[in-house]
Amino acid sequence: METGYQTKLELFTANAQNVKSEFSWHNAQINRLAALLYTAENRNADVQAIRYCYNLLKENTGFFSQFRGNLGVCIAALLALSGDPVKQLNDTLAVYEMMKEFKFRASDYLVIAAHQIATHSGDADSSTVIKRAKDFYDRMKSRHYFLTGQDDYIFAALLGLSPLDAETAVERMEQLYVLLKPEFGASNRLQALTQVLVLGEDSPETASRLLLLQEDFRRKGIRLDKDYTLTSLGVLSLLPAERDTVVRTVEETYEFLREQKGFGSFWLTKQEVLLYAAALAAYKQIEDIQKGLLTASLSTSLTSIVIAQQSASAAAAASAAAAASSSSSD
């Protein structure tokens with residue numbers, strides 16, 4: 001393993017411990033996502049800045065606000081990383097309210113979607129991006145009524161920010177869905193996968209590269225085709241790197257993390273550790289892209305996709321945990 005990359009992995013595990021210490025009563029997976037966000041920028045987790053932003057959330061939102069829900073620490077980390085937390089929060093809250101006016105329903109997923117749009121819309125009118133996101137969402141809903149729900153908000157926002165034509169992109173998603181259904185079954189995870197894939201290069205090799213990469217991982221005893229990790233496989237398949245390089249990096253990352261405090265089998269499932277291994281491997285390849293002076297737009301796009309995919313997975317896991325907790329207390 002490259003020394004620089006091992007240093008990054010050590011940074012992630014240290015960040016995870018620091019965030020856990022500061023927010024010990026909060027959702028553990030969300031804490032690790034906050035640590036991952038700092039690691040992606042090669043920064044030590046500033047837990048005091050995160051705490052400041054978490055208090056900022058409490059001061060500016062109601063007691064039952066989704067901004068103070070399962071993803072609160074993650075949102076606080078994103079605000080802390082922005083450089084101007086007050087402005088970023090105000091912009092995100094404004095987009096959030098606009099999205100509700102467009103009939104998006106309040107949820108953890110909508111919070112992340114609003115932050116994406118507030119952060120990345122740039123000179124574009126936020127309402128135009130929101131309208132595009134709603135167009136993507138409605139088109140997906142018309143194709144898969146029972147599969148399309150609040151968990152699709154994050155990628156609907158990312159699609160709205162993209163230059164993709166909604167009709168063409170959703171048609172391509174449907175083609176990928178039909179093509180990959182024999183392997184993955186008609187499912188919500190497959191729809192999420194097509195959302196990831198359509199954000200990549202429009203290539204006839206998209207599905208075949210994904211399936212080949214899946215088989216490469218299987219030969220190593222690594223299953224990235226489960227509910228919470230299938231989109232990770234999609235992200236990795238978009239990387240402009242040799243398949244064996246991608247597989248080796250994920251494998252080495254997973255093995256390293258398993259040996260670190262708080263990442264052993266007693267604490268975390270294999271699938272959750274694979275989530276972090278895939279994300280960290282993706283960030284490594286993105287940095288290699290930047291070093292190779294390839295397009296900045298490609299690295300920015302891939303970074304946004306990784307953050308969206310990790311946020312969606314964490315929100316889904318947190319929602320499932322909350323539902324289980326509620327059920328057991330009844």
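This is a predicted model: local features need pLDDT of at least 70, side-chain atom pairs count only at pLDDT 80 or more; totals for chains, interfaces and linings use all residues.

Biologist: Which residue meets the side chain of arginine 218 in a salt bridge?

Modeller: Side chains of opposite charge can pair when their charged atoms come close. Here the partner is aspartate 225, at 3.0 Å from N to O. Aspartate 225 is buried, with a relative accessible area of 5%.

Biologist: Which residues are linked with Arg218 and Asp225 in a network of salt bridges?

Modeller: Glu183 and Arg223 belong to that network, together with Arg218 and Asp225. A search of the whole structure finds 17 salt bridges.

Biologist: Where do the partners lie in the salt bridge between arginine 189 and aspartate 227?

Modeller: The closest N and O atoms of arginine 189 and aspartate 227 are 4.0 Å apart. Arginine 189 lies in helix α10 (residues 188-198), whereas aspartate 227 is in the loop between α11 (206-219) and α12 (230-238), so the pair ties together parts that are 38 residues apart in sequence. Aspartate 227 is exposed, its relative accessible area being 60%.

Biologist: What does arginine 32 form with glutamate 272?

Modeller: Arginine 32 forms a salt bridge with glutamate 272, and the closest N and O atoms are 2.8 Å apart. This pair links distant parts of the chain, 240 residues apart: arginine 32 is in helix α2 (residues 28-40) and glutamate 272 in helix α14.

Biologist: Are arginine 32 and glutamate 272 buried or exposed?

Modeller: Arginine 32 counts as buried at 13% relative accessibility, and glutamate 272 counts as buried at 11%.

Biologist: With which side chain does that of glutamate 272 make a polar contact?

Modeller: An α-helix has 3.6 residues a turn, so residues three or four places apart point the same way. Glutamate 272 lies in helix α14, which covers residues 270-291, and its side chain makes a polar contact of 2.3 Å with the side chain of tyrosine 276. Leaving aside residues up to four places away in sequence, glutamate 272 touches Gln29 and Arg32.

Biologist: How many residues does helix α1 have, and which of them are buried?

Modeller: Helix α1 (residues 3-22) has 20 residues. From its first C-alpha to its last, helix α1 reaches 29 Å, close to the 28 Å expected at 1.5 Å a residue. Its buried residues include Tyr5, Leu9, Phe12, Ala16 and Val19, and Lys8, Asn15 and Gln17 are also among them.

Methods. Residues are numbered from 1 along each chain as its sequence is written. Side-chain values use heavy atoms; hydrogens and water are left out. Helices (H or I, at least four residues) and strands (E, at least two) are DSSP runs, numbered from the N terminus. The expected span of a helix is 1.5 Å times one less than its number of residues. Buried means under 20% relative accessible area, exposed over 50%, partly exposed in between (1.4 Å probe, protein chains only). A polar contact is a pair of N or O atoms within 3.5 Å; within protein, one must be able to donate a hydrogen and the other to accept it, and residues adjacent in sequence count only if both atoms are side-chain atoms. Contact means heavy atoms within 4.5 Å.
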